[in-house]
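Dear colleague,

Please find the structure below, handed over for your records. My notes on what was found in it follow directly after.

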Amino acid sequence: MKKSQTPGDAPFHDALHQDLWSDAPSSLPGQPLPLLAHYTSIETLERVARTDEIWFSNPLYMNDVDELRFGMNLGLQAVRTHPALRAACAPEVYNALLDAYGRLFSAFDSDSAFDVYVFSCSEHDEEIGDDGLLSMWRGYGGNGNGVALVFDPARLPLAPDSPLLLRQVKYLSHERSHAWMDERLRSFAAVLARVVLSVDQAWSAAEALFERVKLFALFTKHRGFHEEREWRLVYLRERDHDARMTHLLHYAIGPRGIEPKFRFTTRALGDDEHPAPALDDVISRIILGPVSATPLVQRSVVRMLEINRPPLADRVVRSTTPYRSQRP
């Protein structure tokens with residue numbers, strides 16, 4: 001029998017990481033990044049220009065919370081019942097693995113999830129250009145009266161150990177999500193059987209699996225939303241080991257009451273030796289929605305930017321999409 005490895009043994013962790021992330025090419029460094037468009041209101045544009053801040057929202061207060069809960073609960077149920085996991089480990093190791101995963105799930109559910117923050121964008125189609133996506137204007141761009149902030153994410157210096165993660169969203173049916181979970185757990189179980197997992201390694205193995213399931217839940221939506229072509233920039237406080245960005249944790253009071261927010265500024269990505277890019281360098285252009293895309297509105301938005309953020313004043317363009325705003 002192969003000798004059990006210690007939790008600090010690099011080959012053990014490398015095998016787990018390679019297996020769990022083998023289907024996630026978007027997590028690899030050096031991947032070319034497309035321009036991303038954030039559809040929002042003119043009021044939000046004014047706030048961004050005035051404060052130099054982009055507000056991330058907590059998924060517990062977003063429409064996507066059901067997707068997050070579905071993915072997390074799917075993982076918990078699958079880990080508890082998957083026959084391959086039980087077969088891969090000795091009984092005491094299997095029990096230790098389930099206990100560790102359950103503890104990690106409970107800690108995330110009761111604490112860590114409160115400080116997960118998401119900034120959602122849509123992949124910008126350069127063939128469509130400055131017209132934008134009609135479905136996004138309807139859903140997020142003020143019913144055509146808002147704006148789309150077009151970002152160049154390649155200008156954001158995101159280190160591999162950064163608490164900020166940029167990933168493309170995968171769109172799956174619930175049936176395909178179940179199949180994905182089954183595939184990952186079968187492969188994961190094969191690794192555990194190969195290394196002959198010990199009780200001492202159970203927590204480390206559970207952590208690796210939980211991290212993969214968590215990011216699956218954060219970056220997966222039902223296939224019915226595929227038109228959104230979403231990418232997400234996500235802040236995870238639990239990854240902010242040096243507390244470099246915890247000062248950006250804040251709040252906002254709006255129609256739904258008080259909510260936690262992450263008031264991101266690009267300045268947080270730099271230090272004395274490596275200055276961060278200015279927000280002005282990251283925003284490629286600003287598209288006025290098809291309803292508000294009149295010469296008068298454009299001049300007014302330009303005036304606002306001249307006062308609050310002059311470098312962006314000459315980047316305002318207008319959507320030419322024919323669109324009739326649907327008001328109740």
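**Cavities**

About 150 Å³ of space lies in the largest cavity of this predicted model. The search of the whole structure finds 4 cavities of 30 Å³ or more. By class, the lining has 13 nonpolar, 1 polar and 1 charged residues.The second largest cavity holds about 60 Å³ of space. Among the residues that line the second largest cavity are Glu67, Phe70, Leu172, His174, Phe216 and Lys221. Helix 3 (65–81), helix 7 (174–195), helix 8 (199–218) and strand 7 (220–222) each give two or more residues to the lining of the second largest cavity. The classes here are 4 nonpolar, 5 polar and 2 charged residues.

**Salt bridges**

The whole structure contains 22 salt bridges. In one of them, the side chains of Asp115 and Arg237 meet at 3.0 Å, N to O. Asp115 lies in the loop between helix 5 and strand 3, and Arg237 in the loop between strand 8 and strand 9 (249–254), so this pair ties together parts that are 122 residues apart in sequence. Asp115 counts as buried because its relative accessibility is 12%, whereas Arg237, at 39%, counts as partly exposed.

A salt bridge also joins the side chains of Arg285 and Asp130 (2.6 Å, N to O). Since Arg285 belongs to strand 11 (residues 283–288) and Asp130 to the loop between strand 3 and helix 6 (134–139), the pair ties together parts that are 155 residues apart in sequence. Arg285 is buried at 14% relative accessibility, and Asp130 is partly exposed at 26%.

Arg232 forms a salt bridge with Glu230, with the closest N and O atoms 2.8 Å apart; both Arg232 and Glu230 are buried. Finally, a network of salt bridges links Asp52, Arg267, Asp280 and Arg309.

**Surface**

On the surface, Leu60, Tyr61 and Phe114 form a nonpolar patch with about 250 Å² of accessible area together. Phe114 sits in the loop between helix 5 (91–110) and strand 3 (116–123), and with a relative accessible area of 43% Phe114 is partly exposed.

With kind regards

Definitions and conventions. Residues are numbered from 1 along each chain as its sequence is written. This is a predicted model: local features need pLDDT of at least 70, side-chain atom pairs count only at pLDDT 80 or more; totals for chains, interfaces and linings use all residues. Side-chain values use heavy atoms; hydrogens and water are left out. Patches are made of residues with over 30% relative accessible area and no salt bridge: like charges are joined within 9 Å, nonpolar side chains (Val, Leu, Ile, Met, Phe, Trp, Tyr) within 5 Å. Accessible areas come from the Shrake-Rupley method with a 1.4 Å probe; for residues, only the protein chains shown count as cover. A salt bridge is a side-chain nitrogen of Lys or Arg within 4 Å of a carboxyl oxygen of Asp or Glu. Helices (H or I, at least four residues) and strands (E, at least two) are DSSP runs, numbered from the N terminus. Buried means under 20% relative accessible area, exposed over 50%, partly exposed in between (1.4 Å probe, protein chains only). On a 1 Å grid over the protein atoms alone, a cavity is a set of points where a 1.4 Å probe fits but cannot get out, and a pocket is an open set with protein on both sides within 12 Å along at least five of seven lines; lining residues have an atom within 4 Å of a point. Grid points are joined across faces, edges and corners, and a volume is the space filled by probe spheres set on the points. Ala, Val, Leu, Ile, Met, Phe, Trp, Tyr, Cys and Pro count as nonpolar, Asp, Glu, Lys and Arg as charged, and the others, Gly among them, as polar.
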